[in-house]
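Me: Hi, I'm new to this one. Can you walk me through a few side chains?
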Amino acid sequence: MNEYKLTFTVTIEELDDPAARKQAKGIMETLDTIVADSEMKLQQVYMDRAPRGVRMG
């Protein structure tokens with residue numbers, strides 16, 4: 001049996017990190033009702049350096 005991973009990107013535009021985390025948490029909770037034990041990572045994207053991220057769920 002082969003294992004596959006489905007990934008997709010949702011862009012969140014907020015003024016600060018707490019607001020982005022709150023919105024991401026709502027998305028995560030909704031998706032978790034459809035796909036149990038899903039894993040998500042919230043990343044802040046910069047134009048001039050690598051993304052900064054936090055694993056959620």
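Me: Is F8 buried or exposed?
Reply: F8 counts as exposed because its relative accessibility is 57%. Buried means under 20% relative accessible area, exposed over 50% and partly exposed in between, with a 1.4 Å probe and protein chains only. Keep in mind that this is a predicted model: local features need pLDDT of at least 70, side-chain atom pairs count only at pLDDT 80 or more, and totals for chains, interfaces and linings use all residues. Residues are numbered from 1 along each chain as its sequence is written, and side-chain values use heavy atoms, with hydrogens and water left out.

Me: Where does F8 lie?
Reply: F8 is in the segment before α1 (17-34). Helices here are DSSP runs of H or I with at least four residues, strands are runs of E with at least two, and both are numbered from the N terminus.

Me: New topic. How many salt bridges are there?
Reply: The count is two, taking a side-chain nitrogen of Lys or Arg within 4 Å of a carboxyl oxygen of Asp or Glu. R21 pairs with D17 at 2.6 Å, N to O, and K25 pairs with E29, their closest N and O atoms being 4.0 Å apart.

Me: Why are R21 and D17 about one helical turn apart?
Reply: Because they are four residues apart in helix α1. K25 and E29 are also separated by about one helical turn, being four residues apart in α1.

Me: How exposed are K25 and E29?
Reply: K25 is partly exposed at 45% relative accessible area, and E29 is partly exposed at 44%.

Me: Which residue lies over the face of Y46?
Reply: R49 does, at 3.8 Å from the ring centre. For that, NZ of Lys or CZ of Arg must be within 6 Å of the ring centre and within 35 degrees of the ring normal.

Me: What does P51 touch?
Reply: P51 touches Q43, Q44 and Y46, leaving aside residues up to four places away in sequence; contact means heavy atoms within 4.5 Å. P51 is in the loop between β1 (40-44) and β2 (52-56).
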